[in-house]
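Let's take a walk through a protein model together. Keep the sequence and the 3D view side by side as you read.

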Amino acid sequence: MPHRLVELPLLRRLKPGLHVYEEAALNAEPGLALLDEPITPVDAFFIRNNGELPEIGEERDWTLTIDGEVERPAVWTVAGLRQRFETVTVTAVLECAGNGRSQFSPATDGLQWRLGAVGCARWTGVRLADVIEHAGPKPSAVYTGHHAPDRQVGKPDKPALSRGLPMVKALAPETLIAFAMNDEPLPRLHGGPLRIVAPGYPGSAWQKWLDRISLRPFEHDGEKMRGTDYRLPVEPLRPGDKLDTADFAVITDMPVKSLVTTPVDGFVARTGDRLKVGGFAWSGAVRLAAVELSCDGGESWQEVPLQPGEGDFAWQRFETEVSADRAGPFTIMTRARDVAGNSQPMEIAWNPRGYCNNQVQRVRGAVTD
Ligand SMILES: Nc1nc2c(c(=O)[nH]1)N[C@H]1C(S)=C(S)[C@@H](COP(=O)(O)O)O[C@H]1N2
Ligand SMILES: [Mo]
């Protein structure tokens with residue numbers, strides 16, 4: 001039976017509010033109103049698959065192998081990991097590198113995500129660093145390679161995705177092998193029994209259904225790690241420019257960004273109303289400095305207080321009111337800035353695969369008399 005016939009009803013039951021893409025692989029995202037919570041509920045969290053959902057048996061039969069450039073290769077069960085290593089919880093934003101790709105002009109190949117391929121959850125597991133240290137990494141190890149049993153649609157011998165992390169991120173205290181999401185066992189759709197959690201890195205680095213970690217003596221070259229996959233040009237490129245993959249670098253820390261989750265596009269307010277504006281801001285590695293809001297097309301910006309987040313990798317809430325004082329179209333924009341001075345651009349620099357769109361969002365509505 002084609003996988004999709006089984007997967008689609010499951011997704012509709014577990015995540016009824018999501019928009020499902022017409023694709024062979026199962027991909028779905030929520031409307032922004034569903035993201036109006038500090039911790040994104042599982043039933044509102046986007047789903048991204050590069051291949052078919054794998055058959056996953058019982059959790060007690062799941063094993064994770066660590067091998068490659070290590071002194072002591074090992075095979076772990078989920079229970080074994082829990083028993084041997086400290087359990088930690090990290091609240092972190094998970095965002096697909098292709099989130100917002102539909103806004104690129106000219107359009108690029110790839111899933112035409114709107115702005116909902118992002119969420120913030122509590123991830124619980126063991127530190128990837130502890131598991132690596134236990135295996136005794138050799139000095140030759142510079143990168144991890146992550147493996148999972150999912151395969152490209154209709155190609156049972158081709159892995160769907162096998163990405164990895166530079167050693168410095170693999171050993172960072174926030175990077176986990178997670179077995180729980182929002183205090184529930186990690187759902188199968190989100191990679192249960194085990195997935196990588198790499199806070200601040202693009203979703204592609206968060207390998208789902210993790211069953212093998214191989215330490216590599218060079219940048220991992222697994223599926224979707226090569227060519228221009230999940231890479232940005234080092235120097236800006238224009239549409240039509242000749243591509244040399246030597247001039248591309250793997251996306252690591254995601255850029256600073258903000259998202260208005262209330263109101264949403266198409267809102268209607270009455271003149272004289274005080275309109276509640278709320279949303280979130282986040283940034284991959286560099287801490288947030290501020291969020292500003294503009295209701296006059298970017299002529300003037302006003303700083304909006306940021307509420308504290310649940311740790312360094314969670315998104316931070318902002319909430320304010322604006323007055324709808326004149327009838328007509330009304331556009332709300334927010335712009336986040338990090339402590340290094342990077343701001344969201346009004347228009348994103350085009351790149352050939354449509355990654356990392358953090359351009360200022362326009363929420364368009366109307367004010368009526
Ligand atoms: N095994 C496996 N892991 C994967 C993927 C995949 O296709 N296969 N997709 C990646 C991408 S591109 C993203 S954005 C995130 C999405 O995680 P989610 O489906 O839990 O939201 O998973 C990542 N991990
Ligand atoms: Mo992704």
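## Before we start

One more thing to keep in mind: what you're looking at is a predicted model.

## Who sits around the ligand?

Start with ligand 1. It has 19 residues around it, and those that come nearest are Asn-50, Asp-150, His-190, Arg-195 and Lys-208. Sort that shell by type and you get 9 nonpolar, 6 polar and 4 charged residues.

Now zoom in on a few polar contacts. A polar atom in the side chain of Asp-150 is 2.7 Å from a nitrogen of ligand 1. Arg-195 also uses a polar side-chain atom, this one 2.7 Å from an oxygen of the ligand. With Phe-46, look at the backbone instead: one of its N or O atoms is 2.8 Å from a ligand oxygen. How much of the ligand's accessible area does the protein cover? On its own, ligand 1 has 530 Å² of it, and the protein covers 100%. The space that ligand 1 takes up is also the largest cavity.

## Two annotated stretches

According to an unreviewed UniProt entry, residues 52-222 carry the annotation "domain: Oxidoreductase molybdopterin-binding". This span is 11% helix and 33% strand, and its end C-alpha atoms are 17 Å apart.

The UniProt record (again unreviewed) also lists "domain: Moybdenum cofactor oxidoreductase dimerisation" for residues 250-363. Here you'll find 0% helix and 45% strand, with 31 Å between the end C-alpha atoms.

Most peptide bonds are trans, and most residues apart from glycine have a negative phi. So which residues are joined by a cis bond with an omega of about -5°? They are Ser-105 and Pro-106, and Pro-106 belongs to the loop between β5 (87-95) and β6 (118-127). Another cis peptide bond links Thr-262 to Pro-263, with omega at about 0°. Look for Pro-263 in the loop between β16 (257-262) and β17 (268-270).

Finally, back to Tyr-230. This residue isn't a glycine, yet its phi is positive, at about 50°.

How values were computed. Residues are numbered from 1 along each chain as its sequence is written. Chains are lettered from A and ligands numbered from 1 in the order in which they are written. This is a predicted model: local features need pLDDT of at least 70, side-chain atom pairs count only at pLDDT 80 or more; totals for chains, interfaces and linings use all residues. Side-chain values use heavy atoms; hydrogens and water are left out. A residue is near a molecule or strand if one of its heavy atoms lies within 4 Å of it. A polar contact is a pair of N or O atoms within 3.5 Å; within protein, one must be able to donate a hydrogen and the other to accept it, and residues adjacent in sequence count only if both atoms are side-chain atoms. Accessible areas come from the Shrake-Rupley method with a 1.4 Å probe; for residues, only the protein chains shown count as cover. On a 1 Å grid over the protein atoms alone, a cavity is a set of points where a 1.4 Å probe fits but cannot get out, and a pocket is an open set with protein on both sides within 12 Å along at least five of seven lines; lining residues have an atom within 4 Å of a point. A molecule sits in a cavity or pocket if more than half of its atoms lie within 2 Å of its grid points. Ala, Val, Leu, Ile, Met, Phe, Trp, Tyr, Cys and Pro count as nonpolar, Asp, Glu, Lys and Arg as charged, and the others, Gly among them, as polar. UniProt positions are given in the numbering used here, feature names are shortened, and annotations may be inferred rather than shown by experiment. Helices (H or I, at least four residues) and strands (E, at least two) are DSSP runs, numbered from the N terminus.
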